[in-house]
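Subject: Structure handover

Hello,

Here is the structure I promised. Please open it alongside this note; what I found follows below.

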Amino acid sequence: MTTLLSAKNITRRFGGLTAIDNVSLNLDRGTVHAVIGTNGAGKSTLVSVLAGELAPNEGSIFLNDQDITSWPQPRRARAGMGRSYQRTTIFPSLSVHENCRITAQARHQKFWSWASPAQHCALSNEAADRALALAGLDADGKRIAGLLSHGGKRQLEIAMSLATHPNVLLLDEPLAGMGPEETDRMLDLLQSLKSEHAILLVEHDMDAVFRIADVITVMVNGAVIAHGDPIAIRANPDVQTAYLGDEE
Amino acid sequence: MRSTLRAIFILALICAVALLPMFTTGYYTGLVVKILIYALFALSLQLLVGCAGLVSLGHAAFFGIAAYYVTLLSPQSGPGNLFILLPCAVLAAMAYALVTGALSLRTKGIYFIMVTLAFAQMAYYVFHDTAVGGGTDGIYLYFRPELRIGDWVMLNLDDQYVFYLFTLGCMLLTWAFLAMLMRSRFGAAITGIRVNEPRMRSAGYSTFKYKLVAYVVAGGLAGVAGFLYAAKDGYVNPELLAWEQSGLVLLMVILGGSGRLWGAIIGAVVLTLLQEGFQSQALFGELAKNWHLTFGLAIIILVAILPQGLAGLPEQLRARRHAAKKAKPSPTTA
């Protein structure tokens with residue numbers, strides 16, 4: 001398996017609070033790497049640091065063996081890092097296809113074509129069509145995004161990331177607020193994306209995590225307390241005490 | 001069919017405005033020129049406020065700088081050349097926009113408003129407190145520029161009707177340019193940044209660059225308006241850069257309808273006419289001396305009853321009619 005994203009000894013502080021404390025992880029193509037932890041464990045901060053929204057105080061981040069620690073978020077995105085947010089961040093008044101096209105266009109902005117109409121960008125339209133097909137939304141392209149169901153909006157959120165041709169997907173609670181059917185659909189989608197992408201999944205739904213994750217990292221108070229495959233994590237006494245509870 | 005009718009209506013309106021000076025007195029022609037200049041000025045701010053979501057309270061700086069530039073660069077012995085004066089005035093406004101935008105766009109929301117206001121007031125006090133532009137007295141532009149190549153005068157703006165048509169042409173070109181810009185890839189990016197900047201950054205857009213380009217373009221267009229204003233009145237003073245001027249053009253955008261290009265034009269028409277109307281002793285008698293009071297009241301009422309601005313009025317009426325139709329029980333359910 002190829003390691004696409006590698007974070008080494010990442011620390012992020014907010015004043016006196018250490019939100020992430022010396023965290024290291026690798027994201028490999030073909031794997032879903034879940035990060036779990038209680039509220040305030042530093043999971044979303046970790047995603048923000050990897051995506052480039054927040055700069056780490058210490059540590060390094062490598063994408064395809066290239067040090068991207070100092071790169072701003074847009075440059076990381078153009079280099080192949082896609083992310084989805086905890087809260088849905090679609091453009092509700094645009095159509096589903098337009099939502100994907102607008103994110104796809106970030107890769108096709110050329111100075112000499114600044115004035116050409118947005119809907120005539122063939123490369124962006126193709127990328128949007130492809131992303132919608134991957135996300136299972138190809139039949140909804142003309143619908144107004146704001147009118148989709150909650151699950152549909154979450155799928156669109158991922159489709160918008162896919163439209164930018166990412167290698168790495170950073171997904172912050174993509175299952176938040178979903179019913180069982182929508183959760184199944186989303187897990188199928190993530191499973192189908194796995195072969196082409198390295199996926200980091202931050203999620204509270206433990207059943208879903210243990211169903212789909214290949215590797216799990218457990219965080220408590222900003223630090224990693226356990227790392228391994230789902231069976232090892234389930235059996236880890238520290239994890240049971242700190243997070244999962246001593247159910248068994 | 002509907003779009004054809006709309007195009008015919010707009011074309012007829014443009015022709016009517018173009019022919020207006022033939023049927024009115026000089027006062028009304030001057031008033032329409034003033035409206036056209038403010039419409040262009042408001043359109044430039046619409047790009048920032050309505051399209052990019054950047055509420056600036058310092059837009060008058062670009063307007064005033066261009067007005068001063070053309071006045072200071074014009075020779076006192078004869079008309080200056082439009083080919084040189086207009087680009088110079090616009091470039092001066094754009095240069096100031098580039099410098100101030102590069103700094104102020106690092107802030108957001110209320111802080112952005114404050115920083116743009118501060119930069120505009122800095123420019124205001126340069127002209128107000130120094131001899132650069134004649135201090136508080138301002139300076140005169142003795143000759144309107146003319147468009148000439150060598151000795152061949154292509155356009156003499158000293159002719160009132162030529163100046164009128166030139167102003168109308170500039171306003172229409174600005175409108176067409178902005179309409180094209182908002183349909184372009186750049187426009188799509190700017191709109192996305194207004195709605196959700198973090199999402200656009202995570203997609204790969206360097207949003208700061210886009211906002212800076214919008215800021216500089218808006219500054220340049222405001223510079224065109226400033227050039228026309230100086231050429232119209234032949235006189236510039238520091239009040240052109242004052243925050244009241246920035247507030248007035250912001251009101252035009254909000255009252256006309258933020259986000260809609262023609263909203264800026266309607267806002268400029270209505271606010272300029274309200275200003276003129278409330279100052280008219282023939283219409284308001286003694287009250288005209290306190291026109292700021294009636295003008296302010298009128299703005300409060302308009303903003304209260306038209307939350308989407310004048311351009312949003314048809315939608316507002318449609319929504320009300322739709323709601324009334326829904327509330328009315330149908331004969332079968334009664």
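Two residues count as in contact here if their C-beta atoms, placed from the backbone, lie within 7 Å. Keep in mind that this is a predicted model.

**Between the chains**

By that cut-off, 22 residues of chain A are in contact with 18 residues of chain B. On the chain A side, two elements each give two or more residues: H2 and helix H3 (96-104) of chain A. H2(A) gives the most to this side, with four residues.

**Within chain A**

Chain A is divided into two domains. Domain 1 takes in 1-80 + 166-248, and domain 2 is 91-165. Their C-alpha centres lie 25 Å apart.

The two domains of chain A also touch: 13 residues of domain 1 are in contact with 14 residues of domain 2. Which elements give two or more residues to the domain 1 side? They are helix H2 (73-78) and helix H6 (180-193) of chain A. H6(A) gives the most there, with five residues. The residues of this domain 1 side divide into eight nonpolar, two polar and three charged.

**One element to look at**

Find H2 of chain A in the viewer. H2(A) gives residues to the side of chain A that touches chain B, and it also gives residues to the side of domain 1 that touches domain 2 of chain A.

Best wishes

Definitions and conventions
Residues numbered from 1 in each chain as written. Chains lettered and ligands numbered in written order. Predicted model: local features only at pLDDT ≥ 70, side-chain atom pairs only at ≥ 80, totals over all residues. Domains from an automatic or database assignment. Nonpolar A, V, L, I, M, F, W, Y, C, P; charged D, E, K, R; others polar.
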